[in-house]
Amino acid sequence: MRFDRLGRPLRDLRISVTDRCNFRCVYCMPKEVFGSDYRFLDRKELLTFEEIERVARIFVGLGVNKLRLTGGEPLVRKDVEKLIALLAPLGAELTLTTNASLLAPKATALAAAGLDRVTVSLDALDDETFQAMNDVDFPVARVLEGIDAAAAEGLPVKVNAVVKRRLNEHAILDMARHFRGSGHTLRFIEYMDVGATNGWRLDDVVPAAEIAERISAEFPLEPVDPGYRGEVAKRWRYRDGAGEIGLIASVTQPFCGDCTRSRISAEGRLYTCLFGLRGHDLRALVRGGASDDELRDAVAGIWGKRTDRYSELRTEATSALPKVEMSYIGG
Ligand SMILES: C[S@@+](CC[C@H](N)C(=O)[O-])C[C@H]1O[C@@H](n2cnc3c(N)ncnc32)[C@H](O)[C@@H]1O
Ligand code: SF4
């Protein structure tokens, strides 16, 4: 295993396979910024599936045991199941985060290719709120179909909901009620100051503690011990046995001290923090003829120097600093 300067091992790699998305979630890709004149990456700028497999193999060799495909929306990348088939033999747990708009037609191919589990983002159960958030009139029912299709293929499903004050607070209880007892773990995420385009304000964050209180008032909860070091979601279980929920308190209770994650953008830049600015250009090494040993040494060197802990240092002032967009780096 490789440790950074703060003693954190490199365990996770999140791979953004595209910076494009068919949604325009207001907290991630607001239309005013990601409109028709926004310049997305060209196809030739993206790492190819073979390049991604090579990079991922290097990371697994350095101790990564979890690979997550993300984006943008990973299912809009053509033939993404072929990438899954390439990554599956590496032996790390293989997961994908998706808005599920294309999950129903793709679930069978994804499972057959070797995907281990899936995380679906869904922020409300009523169309009015969900559509105000995805901003492309996408209906809730089709996301639920995607979840059912994945579950029917035997894929364990987690559902992630970002909570933004005054936008979808009422969805907290709706979602808890709906997913209790379903076997799918629901996780609430505090709205974060990623990127520079979503106009984030601390006042828009609904603290995880408040989310837990609201749910517990109707469905009593008790805490569950973390499953492993670096587990970002604080786990709670329903006292009546109807399953678990998770709370990701990235703003009010930052977990940088246990952060074992690295991220590569769709064009192959390595970020050691979600709040990084520039990243390290792995594509230049890959396309410049670097050997596996050289690539491994470069990644190990970058991780070995890592000191990032942005969320622990966050203030209103740092949140205004330039940052990479969530849709580029993948969350
Ligand atoms: C950037 S998306 C990429 C994958 C896919 N398109 C999806 O939505 O699941 C990954 C995750 O980041 C979350 N996310 C995006 N912007 C966020 C923000 N400002 N604060 C907290 N979570 C955010 C999304 O809700 C999603 O669960
Ligand atoms: S959160 Fe996911 S679905 Fe929403 S705009 Fe961002 S990348 Fe797209």
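Q: In which hand, left-handed or right-handed, does α2 pass α3 in its crossing?

A: This is a predicted model, and in it α2 crosses α3 in a right-handed way.

Q: How are two packed helices described in general, and what are the values for helix α2 and helix α3?

A: Packed helices are described by two things, the angle between their axes and the distance between those axes. Here, helix α2 spans residues 80–87 and helix α3 spans residues 103–113; their axes come within 8 Å and cross at roughly 15°. Angles under 35 degrees count as roughly parallel, so α2 is roughly parallel to α3.

Q: Which residues of α2 and α3 meet?

A: On the α2 side, look for Val 80, Glu 81, Ile 84 and Ala 85. Their partners in α3 are Lys 106, Ala 109, Leu 110 and Ala 113. By class, this contact of α2 with α3 has six nonpolar residues, two charged and no polar ones.

Q: Let me try α1 and α2 next. At roughly what angle do their axes cross?

A: The axes of α1 and α2 cross at roughly 30° and come within 10 Å. The two helices are therefore roughly parallel to each other, and their crossing is right-handed. From α1, the contact takes in Phe 49, Glu 50, Ile 52, Glu 53 and Ala 56; from α2, it takes in Val 80, Lys 82, Leu 83, Leu 86 and Leu 87. Seven residues of this contact of α1 with α2 are nonpolar, three are charged and none is polar.

Q: How far apart are the axes of α3 and helix α5?

A: Their axes are 8 Å apart, and α3 packs against helix α5 (residues 140–152) at an angle of about 15°. That makes α3 roughly parallel to α5, and α3 passes α5 in a right-handed crossing. Leu 103, Ala 104 and Ala 107 in α3 meet Glu 145, Gly 146, Ile 147, Ala 149 and Ala 150 in α5. The contact of α3 with α5 divides into six nonpolar residues, one polar and one charged.

Q: Now for charges. How many salt bridges are found in the whole structure?

A: As a general idea, side chains of opposite charge can pair when their charged atoms come close. A search of the whole structure finds 27 salt bridges. In one of them, the side chains of Arg 57 and Asp 292 meet, at 3.3 Å from N to O. This pair links distant parts of the chain: Arg 57 sits in helix α1 (residues 49–61) and Asp 292 in helix α9 (residues 292–304), 235 residues apart.

Q: Finally, which residues surround ligand 2?

A: For a ligand, look at the residues around it and then at their classes. Ligand 2 is surrounded by Cys 21, Phe 23, Cys 25, Cys 28, Met 29, Gly 72 and Asn 99. This shell divides into five nonpolar residues, two polar and no charged.

Technical notes: Residues numbered from 1 in each chain as written. Chains lettered and ligands numbered in written order. Predicted model: local features only at pLDDT ≥ 70, side-chain atom pairs only at ≥ 80, totals over all residues. Heavy atoms only, no water. Near = heavy atom within 4 Å. Nonpolar A, V, L, I, M, F, W, Y, C, P; charged D, E, K, R; others polar. Axes fitted to C-alpha atoms, helices over the stretch in contact; angles between N-to-C directions. Helix = DSSP H or I, 4+ residues; strand = E, 2+ residues; numbered from the N terminus. Parallel < 35°, antiparallel > 145°, perpendicular 65-115°, else oblique. Left-handed = near helix turned anticlockwise from the far one by under 90°. Contact = heavy atoms within 4.5 Å. Salt bridge = Lys/Arg side-chain N within 4 Å of Asp/Glu carboxyl O.
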